[in-house]
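Dear colleague,

Please find below the structure that I am handing over to you, followed by an account of what was found in it. I would ask you to keep the structure open while you read.

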Amino acid sequence: MAERGRPRAFDRTAALRRAMETFWEFGYEGTKLTDLTAAMGINSASLYNTFGSKEQLFHEAVALYDRTAGSATNRALREAPTARAAVEAMLRGNIDAFTDPETPSGCMIVLSATNCSHQNREVAEHLARWRRTSVAELEKRLDRAVAEGELARGTDVRAIAAFYATLLHGLSIEARDGVSLERLRSTVDHAVNLWDSLVRQSAGQR
């Protein structure tokens, strides 16, 4: 009896990782199909048969990034014992990832669809949703800090989360621009030192 279907001649997980790194380096629109097939070691028919489309492949690549190279934020919010420690771990963990010489610089979720044509607006919105989700998770961690008494009741957790998220996105751009890890660490030092002042101001305490 003939075999039903042909087994894939490539490692799907490894191919997806290579696609992730290609999108991360060149951006969604800057990545051509030929770039993907060359990086993944497959032909275009295999790409479409396995992943559906370039956009679906990109969605999978973003999810893989969030679980792997881009996991510093989720890990910090989950594991750090205090909100202050979580914010510091989030910033320091991410800048280490942003400047890892083994991977493209900066954050894939921030950088890979900053400028998209109208026909690819859904790609840009897809990443915007990921960023909004990340900010919402930071807000939840700060809400927990209020409930646990680390932060005063009435603290404007949205303002604090927005400040540190904006800073994190800026650090991603600076890393892509080639700013050194030492300089990024100095910026994080200043941001962490602002914590007490920001918390007092956001709670209306003078």
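**Helix packing**

Helices H6 and H8 are roughly antiparallel to each other, because angles over 145° count as such and their axes cross at roughly 155°. The axes of H6 (residues 83-98) and H8 (residues 121-147) come within 9 Å. On the H6 side the contact is made by Ala83, Ala86, Val87 and Met90, and on the H8 side by Leu138, Arg141, Leu142 and Ala145. Please bear in mind that the model is a predicted one.

**The chain as a whole**

The chain has 11 helices and 0 strands. Its C-alpha trace spans about 75 × 40 × 30 Å along the principal axes. Of the 206 residues, 39% count as buried. Among contacts between residues at least 6 apart in sequence, 67% join residues at least 24 apart.

**The nonpolar core**

In soluble globular proteins, nonpolar side chains tend to be buried together. In this model, the largest nonpolar core holds 59 residues. Those that touch the most other members are Met40, Leu57, Leu91, Met108, Leu142, Tyr164 and Trp195. Helix H9 (residues 157-176) provides the largest share of this core, with 9 residues.

Leu142 also belongs to the contact between H6 and H8 described above. Leaving aside residues up to four places away in sequence, Leu142 touches Ala83, Leu151, Val157, Ile160, Ala161 and Trp195.

**Aromatic pairs**

How many aromatic pairs does the count come to? The count comes to 6 aromatic pairs. In one of them, the ring centres of Phe23 and Tyr28 are 5.9 Å apart and the planes stand at 15°, so the pair is stacked. Phe23 and Tyr28 are both buried.

The rings of Tyr164 and Trp195 make a tilted pair, because their planes stand at 35°, with the centres 6.1 Å apart. Tyr164 lies in helix H9 and Trp195 in helix H11 (residues 195-202), so this pair ties together parts that are 31 residues apart in sequence. Both Tyr164 and Trp195 are buried.

Ring pairs also link Phe23, Tyr28 and Phe58 into a cluster. Over the ring of Tyr28 sits the charged end of Lys54, at 4.4 Å from the ring centre.

**Two individual residues**

Is Thr73 buried or exposed? Thr73 has 7% relative accessibility and therefore counts as buried. This residue is placed in helix H5 (residues 72-79). Residues up to four places away in sequence not counted, Thr73 touches Met90, Asn94, Ser134 and Leu168. Met90 is also one of the H6 residues in the contact with H8.

Arg92 is found in helix H6. At 26% relative accessibility, Arg92 counts as partly exposed. With residues up to four places away in sequence again set aside, Arg92 touches Arg185, Val188, Asp189 and Val192. Between Arg92 and Asn115 there are 27 Å in space, C-alpha to C-alpha, and the two are 23 residues apart in sequence.

With kind regards

Note on methods. Residues numbered from 1 in each chain as written. Predicted model: local features only at pLDDT ≥ 70, side-chain atom pairs only at ≥ 80, totals over all residues. Heavy atoms only, no water. Core = buried A, V, L, I, M, F, W, Y, C linked by side-chain atoms within 4.5 Å. Buried < 20%, exposed > 50% of the residue type's maximum accessible area, 1.4 Å probe, protein only. Helix = DSSP H or I, 4+ residues; strand = E, 2+ residues; numbered from the N terminus. Contact = heavy atoms within 4.5 Å. Phe/Tyr/Trp six-rings, centres within 6.5 Å; stacked < 30°, edge-to-face > 60°. Lys NZ or Arg CZ within 6 Å of the ring centre and 35° of its normal. Axes fitted to C-alpha atoms, helices over the stretch in contact; angles between N-to-C directions. Parallel < 35°, antiparallel > 145°, perpendicular 65-115°, else oblique.
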